[in-house]
Amino acid sequence: AKSHQRSSFSYFTVDMGVEIRERVRMMHALRAAFENERLFVVYQPQIDMRTGNAIGAEALLRWKTEDGQFVPPDQFIPIAEYSGLIVDIGEWVLRSACFELLELHKLGFSDFKMAVNVSQAQFSHPLFLQSLERALQDTKAPANCVELEITESMAMTDPELLIQTLQHIQHLGAQVSIDDFGTGFSSLSHLQKLNVDKLKIDRAFVNEIGDKSSEGSIAKMIVQLSQSLNIKVIAEGVETQQQAETLMSYGCHFAQGYLYAKPLTKLDLRNWLSSH
Ligand code: C2E
Ligand code: CA
Ligand code: CA
Ligand code: CA
């Protein structure tokens with residue numbers, strides 16, 4: 001039994017070593033990709049389901065390696081966060097998205113909104129508000145059409161700092177939405193104090209709409225919650241007409257998902273908008 005324990009212990013450490021080495025390798029590759037401009041931003045339209053019109057888009061980061069492979073964000077964003085690279089990369093995404101927002105407004109899509117993901121490490125960085133202010137000033141993007149997506153789990157850490165930061169963002173004129181809503185555990189009173197502009201129903205809850213067992217009950221509850229708090233609500237990951245219709249029957253009017261459009265390059269987005 002002893003030798004078995006020892007061997008499983010050493011196996012465990014070797015495994016950990018491999019994992020850490022792999023993460024460090026990916027971190028260097030990500031930094032090189034950022035410096036060599038192999039990261040780019042795609043834009044997924046957000047739709048008013050009543051009219052079918054696009055109301056805005058969410059900026060999503062992409063990494064294409066030199067051999068033409070895409071690394072999924074779910075793999076590299078955690079590494080960017082844990083290494084701190086997300087601060088510079090996130091600022092660059094924000095500036096790119098603000099720049100493209102202004103271009104779209106110039107092309108005549110005048111009420112178009114741009115949603116940008118902001119991770120915990122970025123948001124809690126002491127220079128975050130300054131970098132947001134500079135991004136808005138330098139790009140001359142209309143602040144009231146810029147929407148920062150923070151996750152519900154972030155909404156729970158250090159409530160005082162969070163409330164202050166959100167007030168400052170709103171003072172700059174930008175909007176705030178809570179991403180992946182329903183996956184965390186923020187209390188109702190906390191949510192009310194945060195005074196955010198929008199909730200995003202997590203894809204997992206949209207996905208279960210139509211399942212006999214759940215009847216999409218969580219999505220429905222989130223829509224009702226948003227109505228009673230007077231907060232806008234959008235569903236993400238809408239893939240079927242049935243999901244769209246059910247969401248509309250709940251009173252959710254905004255959606256994002258493959259049913260309407262996949263994330264598009266900026267040129268594809270412009271073309272898509274011109275033909276819709
Ligand atoms: P998220 O913020 O929840 O973004 C929505 C994800 O759902 C995107 O995945 C999008 O491509 C995907 N999606 C959209 N519609 C559908 C659909 O109908 N069906 C399915 N199955 N998926 C759909 P993506 O682009 O792979 O991004 C994954 C996550 O990576 C994002 O989740 C976000 O947390 C993070 N991320 C992406 N870009 C950035 C960024 O610039 N900054 C930060 N901090 N995080 C980012
Ligand atoms: Ca998001
Ligand atoms: Ca999500
Ligand atoms: Ca997410």
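Start by selecting strands β1 (residues 39-48) and β9 (residues 254-256): they run antiparallel and are joined by 2 bridges. Strands here are DSSP runs of E with at least two residues, numbered from the N terminus, and two strands pair if DSSP finds at least two bridges between them. Click on I47 and its bridge partner in β9 turns out to be A255.

Before going on, note that this is a predicted model, where local features need pLDDT of at least 70, side-chain atom pairs count only at pLDDT 80 or more, and totals for chains, interfaces and linings use all residues. Residues are numbered from 1 along each chain as its sequence is written, chains are lettered from A and ligands numbered from 1 in the order in which they are written, and side-chain values use heavy atoms, with hydrogens and water left out.

Buried means under 20% relative accessible area, exposed means over 50%, and partly exposed is in between (1.4 Å probe, protein chains only).

Across from P45 you'll find A57 in β2. The two strands make a hairpin with 5 residues between them, and G52 in the turn has a positive phi of about 80°.

Next stop: the metals. Pick ligand 2, a calcium ion held by E58 (OE), N117 (OD1), E149 (OE) and D179 (OD) at 2.1 to 2.3 Å. Donors are N, O and S atoms within 2.8 Å of the metal (3.2 Å for Na, K and Ca), and since water is not among the atoms, sites may look incomplete. The donor spacing in sequence reads E-x58-N-x31-E-x29-D. Distant parts of the chain get linked here: E58 is in strand β2 and E149 in strand β5 (residues 146-151), 91 residues apart. E58 and E149 are both buried.

Hop 5.2 Å over to the calcium ion that is ligand 3. D180 lies in strand β6 (residues 175-181) and E236 in strand β8 (residues 232-236), so the pair ties together parts 56 residues apart in sequence.

Finish by colouring by accessibility: D180 is partly exposed at 24%, while E236 is buried at 11%.

Methods:
Helices (H or I, at least four residues) and strands (E, at least two) are DSSP runs, numbered from the N terminus.
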